[in-house]
Amino acid sequence: MHVDMILAPVSEQNSMSTQQTIKGRFAPSPSGRMHLGNVFTALISWMSVRSRGGKWLLRIEDLDPQRSKMEYARMIEDDLSWLGLDWDEGGLDDLGPAGPYSQSRRGHIYEKALARLEATGMTYPCYCTRADIMATQAPHESDGRIVYHGICRPAPVPPFDNKPSGNYRATRLYVPSECITFDDRTYGRQSVNLAEHCGDFVLRRADGAWAYQLAVVLDDALMGVTEVVRGCDLLLSSAQQIYLYNLLGYDPPQFAHLPLICNLDGQRLSKRDQSMSMAELRKHHSAEEIVGLIGYLANILPEPAPISATQLAAAFDWDKVPAVKSLAYDI
């Protein structure tokens, strides 16, 4: 299926082809105190750009109003500064040049992009509840993925010309049964069929909240991000984002995914794991000790040893980062 690109206005374009400087970002959700896994991602991203003379920005991804709190956002900034990680752009108080840098204040940008997508007929309203979708899942889809099987998808597609009426609805984006192929810096070549992986996905929820996929693509594109570093649990979602980048007329960044930090039982860390939270880590360890531990987990240091973030960045090498799905450690 051929899809015409929805080119952004020239004033909004921030194509990576014109970027002269590498720009990375850290984009945490302020739903709790950071844990060791969050710090692992932040430090690797920071070292990647600093080791090459690039810029680093901080964006607060507070799309979920029920879970996001300003106090956590302030703690994130304080923890990053305590670790020795500085940012060139972003944070709660920075309004330019591409700000604001908290997603809760960027709704007008998402509205404009959604309107452009809707104008092409590539979207449609969906009235399905989560229970409706889960009822269609095959047994082999019990790994946590939710694949939408087009319950509300009109026919013929595209364009959609039989839009149902009503107010309580989400907005979904039609995806073709085609493979999106990309190269991840850590895990190599990836090929994802969106129809099989996720199906038509949501751009805006029925309650009006913006979906992560749309927001993150627009924010990274308009903020000039050239490198996205994050956990490997988001590896395959890169295909959805690349699809959106292409539709909106932007060049996608380089993706680099990282192993998830787990406890000794093999469970990935969460913000409920208080023993690995920055609140506890700062009570018992210096910033240099935590940085040295991450240097060891990232295979940059032969053993955990206190070191500053700046010193560790001088030895950073992507080829050393282990291409595994998880790393278990108990500090």
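Just past helix α6 (212-222), G224 adopts a positive phi of about 75°; helices here are DSSP runs of H or I with at least four residues, strands are runs of E with at least two, and both are numbered from the N terminus. The model is a predicted one, with local features requiring pLDDT of at least 70 and side-chain atom pairs pLDDT 80 or more, while totals for chains, interfaces and linings use all residues. Residues are numbered from 1 along each chain as its sequence is written, and side-chain values rest on heavy atoms, with hydrogens and water left out.

As for α6 itself, ten of its eleven residues are buried, so the helix is largely enclosed by the rest of the structure. Buried here means under 20% relative accessible area, exposed means over 50%, and partly exposed covers what falls in between, using a 1.4 Å probe and protein chains only. Strand β1 runs parallel to β2, joined to it by four bridges; strands pair if DSSP finds at least two bridges between them. Within β2, W56 is the bridge partner of G24.

Eight of its eleven residues are buried, so α9 is largely enclosed by the rest of the structure. Those buried are A287, I290, V291, G292, L293, I294, G295 and L297, and they pack against α1, α2, β11 (260-262), α8, α10 and β12 (326-328). After the helix comes N299, with a positive phi near 70°. I290, in helix α9, has 0% relative accessibility and therefore counts as buried. Leaving aside residues up to four places away in sequence, I290 touches L36, V39, W82, L83, L281 and H285. The C-alpha atoms of I290 and L36 are 8.5 Å apart, although 254 residues separate the two along the chain.

Next, the nonpolar cores, each a set of buried Ala, Val, Leu, Ile, Met, Phe, Trp, Tyr and Cys residues joined through side-chain atoms within 4.5 Å. The largest has 45 residues, and L36, F40, L43, I44, M47, L80 and L85 have the most contacts inside it. At least two residues of this core come from each of α1 (36-50), β2 (55-58), α2 (70-83), β10 (254-258), α8 (278-284), α9 (287-297) and α10 (309-314). Helix α1 is the top contributor, with nine residues. F40 touches L258, P259, I261, I294, L297, A298 and L327, again not counting residues up to four places away in sequence. Apart from this core lies another, of 44 residues, among them A113, M122, Y187 and L235.

Then there are the rings. Four aromatic pairs turn up under a rule that takes rings of Phe, Tyr and Trp (its six-membered ring) with centres within 6.5 Å, calling planes under 30 degrees apart stacked, over 60 edge-to-face and the rest tilted. Y110 and W210 have ring centres 5.7 Å apart and planes at 65°, so they make an edge-to-face pair. Their pairing links distant parts of the chain, with Y110 in helix α3 (residues 107-119) and W210, 100 residues apart from it, in the loop between β8 (201-204) and α6. Y110 and W210 are both buried. F182 and F255 are edge-to-face too, because their centres lie 6.1 Å apart with the planes at 65°. F182 sits in strand β6 (residues 179-184) and F255 in strand β10, so this pair ties together parts 73 residues apart in sequence. Both phenylalanines, F182 and F255, are buried.

Charges also sit over rings, a call made when NZ of Lys or CZ of Arg is within 6 Å of the ring centre and within 35 degrees of the ring normal. The charged end of R172 lies 3.5 Å from the centre of the Y148 ring, and K325 is over the face of Y187, 4.4 Å from the ring centre.

On the whole-protein level, there are ten helices and twelve strands. Of the 331 residues, 52% count as buried. Among contacts with a separation of 6 or more, 76% are between residues 24 or more positions apart. The accessible surface, from the Shrake-Rupley method with a 1.4 Å probe (for residues, only the protein chains shown count as cover), comes to about 15000 Å², with 50% of it belonging to carbon and sulfur atoms.

Note on methods. Contact = heavy atoms within 4.5 Å.
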